[in-house]
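Dear colleague,

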Amino acid sequence: MSATLSRGSLQPGQQKLAEKFTILNDRGIGMLTRVYNIKKACGDPKAKPSYLIDKNLESAVKFIVRKFPAVETRNNNQQLAQLQKEKSEILKNLALYYFTFVDVMEFKVCTVNFDLTKNYLDLVVTYTNLMMLLSRIEERKAIIGLYNYAHEMTHGSSDREYPRLGQMIVDYENPLKKMMEEFVPHGKSLSDALLSLQMVYPRRNLSADQWRNAQLLSLISAPSTMLNPAQSDTVSYLGFILCHGVLNSDQAALSLWKLALQSSTCLCLFRDEVFHIHKAAEDLFINIRGYNKRVNDIKECKEQALSHAGLMHRERRKFLRSALKELATVLSDQPGLLGPKALFVFMALSFARDEIIWLLRHNLSVCPEDESIIMSSFVNTMTSLGVKQVEDGDVFDFRGMRLDWFRLQAYTSVSKASLGIADHRELGKMMNTIIFHTKMVDSLVEMLVETSDLSIFCFYSRAFEKMFQQCLELPSQSRHSISFPLLCTHFMSCTHELCPEERHHIGDRSLSLCNMFLDEMAKQARNLITDICTEQCTLSDQLLPKHCAKTISQAVNKKSKKQTGKKGEPEREKPGVESMRKNRLLVTNLDKLHTALSELCFSINYVPNMVIWEHTFTPREYLTSHLEIRFTKSIVGMTMYNQATQEIAKPSELLTSVRAYMTVLQSIENYVQIDITRVFNNVLLQQTQHLDSHGEPTITSLYTNWYLETLLRQVSNGHIAYFPAMKAFVNLPTENELTFNAEEYSDISEMRSLSELLGPYGMKFLSESLMWHISSQVAELKKLVVDNVEVLTQMRTSFDKPGEMAALFKKLSSVDSVLKRMTIIGVILSFRSLAQEALRDVLSCHIPFLVSSVEDFKDHIPRETDMKVAMNVYELSSAAGLPCEIDPALVVALSSQKSENISPEEEYKIACLLMVFVAVSMPTLASNVMSQYSPAIEGHCNNIHCLAKAINQIAAALFTIHKGSIEDRLKEFLALASSSLLKIGQETDKTTTRNRESVYLLLDMIVQESPFLTMDLLESCFPYVLLRNAYHAVYKQSVPSST
């Protein structure tokens, strides 16, 4: 709590010095911020006041500047006439600029009346910087003159501050020269304050070797003093230019000034505004008589700074890197030392901050009664503190105590003070230590900002981005790349309450830079992971079964002593050779990638999140997002789908690559705390849909299109046949060889791999696409039935009249088309059966208990169950890959074909006649050369064995839709088919009956495939002896061909 002081013995100019310095220093920084923003705005064509760039007002502005500060407003000047229309807008829009200059003038009046060492020097520096920055605003006269002219035209008189403000602007055309004159009365005070730095400033400018010899910042150099609290000295600024007379009279002052000139080539005015000290000092002193020696000193110091300052600061940065690393290591191992050695931490941060900023700028552009009261206040405050307050979580505020110490310094530093602070150095040291430790309690954040703030990078964005790119490109430095987005959290600390309009601009810049840095880091990590995945996919590819053929062939030939291949042919390296190292120094490309990735992931994982201008950034989420996008693109890319040549990767090979990719991604959890399972779920689940979240095709859509448009289309063209014995589609020998081997895409292992990749959702989409093609074929079949409806109606009731049936059959049209379309439907259903069986196998491995429960549920549906309920169970079963008596997907597809112009009764009749059409058309298959049954494949080369599945599935679906009896309709079909096939047994034409026995077998296949028909029923329609003889005949025919 601040002490109450009596002011009876203080001079008026010495009262409340502490409060005044505190307020003025803060206000000075605010004024610098405002003037800086005005300069930047005037230098930016987009932000510059429109009146200064308006062509219509150009002559008026030039006139005002030329006459400044006196402006002729009484005469009817044609040049100023245009301003009459804009006067109200000028007053409104230039008020902020004008009154900022007025505030600078008021600040100037306050500043020159005070003197006190540290805060006095801070105030002098702020004032000097402010006036120099003001002189750099080229449009200052135009802004002030325009505003005053508009004010006089509006109110009839000039602004009351304008005369003084105009005179100040004129006087400070050369600010340093003016301030040198201005500070003549204060020369003694200023020089004394500066000379107090002769013990401190040289210590701050030692070389790296001197720091190293003194073991600066080292906690382990003297273990016995580790727990001793560190002490501090006061640090101040330089200003010998303003009191240059002391340079000729005091050798200590001259040495101190030379040291400042040798250590740097420029000083900071504010943010990215710098002041080149050598040129400015030389320009000032060259015109002063008797200062030739000082001019020569400046030139020598400039040469010294240019040749040695860079090297000195580089070595100091090297020293600080190692010292900071040692300090961090010791404090991490022994955190208890942080309390007594906190000053070392802040000294280290301050030294490091100073060196970074140097590199950035140079590479780019009182009475005894009052004292007693204050000391009593100190004692009371400190004795009232206890451990219980800490345990209770009390909030401490020592600002009043620190202000009291500031007051005490002010009272004991004035002339004729009865108690001089210089005579009680131990008191000063003790109080400085106490004040420092109070800041450790209630102002820790402010201390960190004061000693390590690097918000200056906000104004060097190009250099900032370049440094980031250089850091990211070097694997050894990439672990430090998180420093750049973390520095963006400093940017808001450079704002000031006196200039609130810049908060939004700086906030946006900090957000955009942080977002860009984190995005680039995530991209770099993603690229490294992608390269590792590519390497691992290549290694996994070497283990595919297809690569062992050559090894097996070589082993067989070696055993039989056959010579194969060319002499001198290099032996193929076996998988795993890459893991054999001759020595530890051998580093592979994969090793380098893993090293670079671990370094970069350390950076990404360094902080869980960071808050910038009330926005929270999570670096890990950036990596997760990029991994999801790249994983999605990689999966689709690994299909190697070529639309022109219709080539695509085999599902088993794609699955191997995806698993290798996922293995690498899972290893990322060892580097970064991210949920990679979430990435898998998001990406792989999207791949089971037709399109992903970005509207791009997925592997589901690619493989569905390929199987439908390439493989099954070639089946329809007669180039591929379905072999039930192999449960695969196989290429047939044709004139035009296909570019792919159908068996390599449709056998059980490939279909299981496809099911693993697409999952139940993807396989359902595949089934729906297959059903859509079937429904289009059924629609065409219905049209053919409608064309032959009268003949088919008569044949339906005349199947026991052979003569009449023969006559009616000749009237039928498109018989071959019906059989071909039904065969296509059967082929599609056979492919779907393979896919469903593969899905069932895969799910039985992953969720065996759930699959067995669904299967048990399906198998125990009572016959009297309502069809809607049964269809729901079938839909569940079909999703699990289980075969159903009635295919729910086919029912849904065919249900959508109902026509509004045809009654349900007519639709039912067409469905019945379709079965009649197929039944009476089957005898024509016997005349086809390709209809011969092959026992080796358990089918026919023209795929007519697929008719069995087509007839059963189509009948079950159609009569479920039309609520008819499936069993009765299939019995009718079997009777018609048997009757028709028995007639060809009486034919004498060998061409017509060429493959009669092979066609007979279709009846057995239909019954075997159907859950509604039995062999007893077949024998009642078609003698079993004929089937037995047919099997005997086809097997007998296949013997010669197989030998």
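A salt bridge is taken here as a side-chain nitrogen of Lys or Arg within 4 Å of a carboxyl oxygen of Asp or Glu. By that definition, the structure holds 38 salt bridges. This is a predicted model, in which local features need pLDDT of at least 70 and side-chain atom pairs count only at pLDDT 80 or more, while totals for chains, interfaces and linings use all residues. Residues are numbered from 1 along each chain as its sequence is written, and side-chain values use heavy atoms, with hydrogens and water left out.

Glutamate 273 and lysine 40 form a salt bridge of 3.4 Å, N to O. Since glutamate 273 lies in strand β2 (residues 273-275) and lysine 40 in helix α1 (residues 17-43), the pair ties together parts that are 233 residues apart in sequence. Helices (H or I, at least four residues) and strands (E, at least two) are DSSP runs, numbered from the N terminus. Glutamate 273 is buried, at 6% relative accessibility, whereas lysine 40 is partly exposed at 34%; buried means under 20% relative accessible area, exposed over 50%, and partly exposed in between (1.4 Å probe, protein chains only). Lys39, Lys40, Arg136 and Glu273 are linked in a network of salt bridges.

Lysine 858 also pairs with aspartate 859, at 3.1 Å between the closest N and O atoms. Here lysine 858 is buried at 17% and aspartate 859 partly exposed at 46%.

Finally, antiparallel strands β5 (residues 720-723) and β6 (residues 728-731) are joined by 4 bridges; two strands pair if DSSP finds at least two bridges between them. Phenylalanine 723 stands opposite alanine 728 in β6.

With kind regards
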